[in-house]
Every structure is written in structure tokens, then in C-alpha cells.
Amino acid sequence: MLCCASESLSKMVVDVIATEKKDEQEETLVSFPSPIVQAGKFLSDQQSSISDGESTDLDGTSQCKRSVYGKPESLKALQYEMSCKEGEENGGQIFKANLVPDNYDFKFSTKGTLKMLDKRFYDAKKKCIKPRRGNLSVRSSDFFSSVVKYTESNDNDDFELYEQKPKWIFSGVLNGWPALKTLEVIKIECKRSLTMNWVTHWDSSDKKNNEPPTFPTTRSSEVRAILRAPPYTAIGWTKESPGYVFWFEGNGTGDPDRCLVGEEMIKQFEKDRLKKSSNGLLAPSPKCTKVHMISHRYAVGDNVQVRDRLTYHSFALLEWDHGKYCTVVELAYLGGLGGYTAKCNWLLDKNENPNSLYKSMPPAMIHPWSDDFSEIRVTNVPARNLKDHLEFMKLHTGKNDRFVDVRHTFSHDVRLSFSCKEHIVRYLINYIERGKTYSEIRRNCQTFAADFCAFLAGKRDVQPFHPINRIEYKNNAHYFMYESSMY
């Protein structure tokens with residue numbers, strides 16, 4: 001038996017090798033990348049690449065799905081994006097891009113097969129890779145023609161005595177995601193034909209290697225690039241406005257639609273008050289008066305799994321002294337709306353394409369979502385009070401609608417001395433910067449809602465909605481009060 005198995009295995013390996021040699025004769029396995037270009041030097045029109053069939057009318061907006069390759073930004077622009085404080089160099093968000101050879105689809109018309117690319121990510125009509133997919137697929141020549149050599153300047157080394165190891169930066173728009181414009185190449189990894197483990201082909205941390213990253217020349221079943229976004233993405237969508245918190249205004253409340261992000265929204269609210277001032281008096285800022293905790297399950301149609309029955313989303317509903325509208329505050333996956341065309345349940349025009357939130361989002365928010373990190377979402381809703389909002393949820397309750405099993409479990413007056421709009425933003429930014437991760441047990445929408453309600457109401461006994469989330473729950477209401485950079 002053992003002998004027969006050995007002979008069968010040997011025959012199988014021989015057959016695989018023979019098949020590989022045959023395939024190598026039929027096609028070019030690896031498409032070698034274009035030469036690395038210098039920052040700011042555009043390639044010729046034949047070398048540069050923009051995704052086929054995408055309109056340029058929406059350039060610079062959240063709706064633009066163009067992929068741009070072979071047109072790197074200027075060195076000055078890259079320096080601005082990559083600059084950071086000492087010790088923050090390795091703090092950016094990590095992404096993984098699927099690299100495919102240039103001839104990945106040459107057999108598609110005859111055999112319906114693709115090389116290193118799942119058919120779900122291929123547009124058969126346009127004969128190109130679909131934009132805005134989570135696996136970030138890109139042709140090897142497009143990717144490497146967008147990689148530039150970047151050396152950081154050392155202000156303390158006037159005589160250039162110390163050699164700086166260069167970094168290799170992707171500069172363009174990766175897979176149609178407008179937020180993925182500047183990405184440091186950390187590793188190039190591949191999977192061999194007969195193995196399941198990733199093997200490092202090129203590593204930026206190799207101190208002896210100053211060569212640029214390349215596509216593997218050995219036969220591989222998969223190739224990927226490990227990429228790191230600029231350091232500021234560790235704490236926010238933009239460099240100018242840190243903090244993974246956004247506030248969407250409008251949405252049928254009478255105000256124009258507007259999406260503000262990070263700390264800059266505090267300054268914007270102050271400017272709004274100046275515009276509304278009269279007789280030399282600054283217009284008052286809305287003051288939060290009541291806070292409520294509401295939980296619900298998501299509607300998933302008829303295919304309800306056990307997990308769906310156990311999963312509840314919790315949020316805080318704020319009432320204001322002006323009585324014009326309420327505000328939903330919730331914690332969720334980072335990029336969960338920007339990476340999903342802003343399908344927010346609180347929007348009156350949720351099912352429009354595009355809806356009001358998506359049109360208002362800055363391009364920096366449009367990137368694949370991550371279930372390991374979190375963001376705080378603040379959305380104004382037309383409801384004037386708790387009763388109105390529960391009526392809205394009741395209107396959209398049903399297995400094929402938005403909500404299932406709505407529960408209202410907490411209400412209290414806001415007892416904070418400082419509870420105006422600007423203060424609420426500062427509290428939320430402090431909180432998200434103290435802990436950016438997301439966990440289904442320890443840190444999620446339910447634990448945040450409990451922390452936030454307890455903080456605003458000045459109560460110690462507020463608990464997450466579901467018993468499972470109470471097991472390891474520890475109140476972190478103090479996160480809202482203190483400057484995160486001092487910890």
C-alpha cells in the first residue's frame with residue numbers, strides 16, 4: 001500500500017511538472033514590471049493607465065472610480081503625505097493588493113479562465129479588473145509603473161553623513177479607491193504552485209537590499225503586495241483633520257447636506273456660529289439635553305442564521321435644546337460606509353444611487369472597510385425627539401426592510417456642564433483616539449453606546465445591551481474626557 005501511494009504521488013508530481021512546462025510554452029507566465037519611475041515624472045501615454053470606461057466628470061469626488069497608474073505625484077507632494085513625527089513612521093493603515101500578470105485574461109475568451117484573479121473581480125464586458133473591490137486587484141505593470149523611489153530628508157544631517165535607506169511608494173489611485181493614493185510598499189509575497197503558505201519575495205525591512213520591488217519570476221499561484229498608508233492614517237482620514245469621527249448634517253433636517261471629518265469640524269462649527277451672529281453677539285451652539293440607548297437587529301430577509309439572531313447593533317440618540325432634529329451617534333467598522341456606497345440606515349434616501357451621504361463624503365473616506373478598526377459616525381435625523389425616531393424605526397421594521405426587534409433600554413437627561421455641539425465632537429475624538437480597534441466582544445457598538453450614555457448622563461450602572469457583551473465589559477467613559485496624545 002505504501003509503495004503504491006509513493007508511486008502515485010511521484011506520478012502526480014511528474015504530471016504537474018509536465019503540465020507547468022506545457023503552460024510555459026503556451027504563454028508568458030510573468031509580465032515584468034515597467035521600470036521604477038522618479039516622483040513627479042509622468043510616463044508616456046502608452047505607459048500610463050486609467051481604468052477603462054470610467055467617466056472623468058466626477059474626478060475629485062467620492063463617486064469617481066478611476067484607477068490611475070504610471071502618473072506619480074511630485075516629490076513635494078509625497079514628502080507632505082509621508083512626513084510625520086518621530087516614532088510614528090510605521091503607524092499607517094495596512095492594505096493588501098492582489099497583483100496579477102498582464103496576460104491574466106488571455107484565455108478568458110476561449111476557455112473562460114483567468115490567471116490569479118477570481119471571476120467575481122473581472123468585468124467581462126469591459127475586459128478589465130472591476131474597480132473598488134476589497135482584494136485591490138491590479139495588473140503588475142500598472143502597479144510597478146506607479147512605484148517611485150522616495151528618500152526621507154534628515155534635517156539634522158547637514159553634511160549627509162548618514163545614508164538614508166530609500167522607501168518605495170505607490171503613487172496613483174489603486175483599484176479605483178480615491179483614498180488609496182499614496183502607499184508605502186512593505187512586502188511582495190507569493191504562493192508557490194504546490195504550497196499554501198505565503199513566501200516573501202521582497203521585503204523593505206531587509207537592510208542589505210536597496211533594490212526596488214519586483215513581480216516574482218518563479219511560478220506562483222498568487223502574488224500580493226503589503227502596503228502601508230501614510231502615518232497620519234493611524235488616527236484619521238486626512239492629515240489636516242485627525243480623528244476617525246464624521247458628522248453628517250442635512251438628511252431632511254432643513255440644513256444643507258454636509259459631511260465633516262475629524263478635528264476640523266470644531267472650527268467649522270465655530271465659523272457657522274460667526275455667520276449666524278447678529279448685533280455683535282455670537283450665535284449660541286446647540287446644547288445636548290437628553291440621551292437614549294436603542295438597539296436592534298439587522299433585517300436580512302428569510303435567510304436568518306443563528307448569528308443574525310444574536311447580533312444587535314446599539315447606538316445613542318441625542319436630543320438638542322433647539323428641538324429641530326435629533327442625532328444618532330454610533331461606533332462601527334472603519335470604512336464600513338465609505339467602502340459600501342454609504343448605505344446608512346438613517347438616511348431618508350438610503351437606496352438612491354448615489355445617496356446624499358455618499359455625495360457629501362470626502363474622497364479620503366472611500367477605502368475598503370476593516371473589521372479590526374473602528375470609526376464613530378454622527379448623523380442628524382429629522383426626528384425631533386425619541387418618540388419620532390422610534391416611529392421612523394417602526395416604519396422601517398421588517399425582515400425585508402432595515403430593522404428587526406427594536407429595543408429602547410435607556411434614557412436620561414444630559415448632566416454634563418459642557419454639552420454643546422463642539423464639546424460632543426471633542427469627546428468623541430478623544431474616545432476614538434484612545435482605542436481604534438474593533439472587537440465583537442470587548443470593543444464594539446454596544447460597549448461604545450454604554451460608555452457614551454453613561455458619560456453624558458453621569459451614571460455608573462449603564463451596561464451593553466446583550467448579556468454576552470457584558471461578560472468582559474469595563475466602563476471606559478473616562479476616555480471621552482482626556483487628550484489622547486498625552487497617554
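Biologist: Let's start with asparagine 303. Is asparagine 303 buried or exposed?
Modeller: Exposed: asparagine 303 has a relative accessible area of 54%, and the cut-off for exposed is over 50%. Keep in mind that this is a predicted model.

Biologist: Where is the place of asparagine 303?
Modeller: Asparagine 303 sits in the loop between β14 and α6 (306-310).

Biologist: And which side chain does the side chain of asparagine 303 make a polar contact with?
Modeller: That would be glutamine 305, with the two side chains making a polar contact at 2.6 Å. There is also lysine 399, which lies 96 residues from asparagine 303 in sequence, yet the C-alpha atoms of the two are 9.5 Å apart in space.

Biologist: Thanks! Switching to the sheet: what is the order of the strands?
Modeller: The open sheet has seven strands, running β13-β12-β17-β16-β15-β14-β18, with mixed pairing. At the edges are β13 (258-261) and β18 (403-413), each of which pairs on one side only. From one strand to the next, the twist averages 25 degrees.

Biologist: How many bridges join β15 to β16?
Modeller: Four, between β15 (residues 313-320) and β16 (residues 326-334), and these two strands run antiparallel.

Biologist: Which strands does α5 touch?
Modeller: Helix α5 packs on the sheet against β12 (245-249) and β13, and its direction makes about 130 degrees with that of β13. Helix α9, for its part, lies across β12, β14 (288-298), β15, β16 and β17 (370-381), at about 145 degrees to β12.

Biologist: Then how do the axes of α5 and α9 cross?
Modeller: The axes of α5 (residues 264-275) and α9 (residues 421-434) cross at roughly 175 degrees and come within 9 Å. So α5 is roughly antiparallel to α9, because angles over 145 degrees count that way.

Biologist: Which residues make the contact?
Modeller: From α5 they are Met265, Ile266, Phe269, Glu270 and Arg273, while α9 brings Lys421, Glu422, Val425 and Arg426. Sorted by class, this contact of α5 with α9 has five charged, four nonpolar and no polar residues.

Biologist: What is serine 356 in contact with, leaving aside its neighbours within four places in sequence?
Modeller: With those neighbours left aside, serine 356 contacts Phe248, Asp257, Leu347 and Asp349.

Technical notes:
Residues are numbered from 1 along each chain as its sequence is written. This is a predicted model: local features need pLDDT of at least 70, side-chain atom pairs count only at pLDDT 80 or more; totals for chains, interfaces and linings use all residues. Side-chain values use heavy atoms; hydrogens and water are left out. Contact means heavy atoms within 4.5 Å. Axes are lines fitted to C-alpha atoms, for helices over the stretch in contact, and angles run from 0 to 180 degrees between N-to-C directions. Angles under 35 degrees count as roughly parallel, over 145 as roughly antiparallel, 65 to 115 as roughly perpendicular and the rest as oblique. Ala, Val, Leu, Ile, Met, Phe, Trp, Tyr, Cys and Pro count as nonpolar, Asp, Glu, Lys and Arg as charged, and the others, Gly among them, as polar. Two strands pair if DSSP finds at least two bridges between them. Buried means under 20% relative accessible area, exposed over 50%, partly exposed in between (1.4 Å probe, protein chains only). A polar contact is a pair of N or O atoms within 3.5 Å; within protein, one must be able to donate a hydrogen and the other to accept it, and residues adjacent in sequence count only if both atoms are side-chain atoms.
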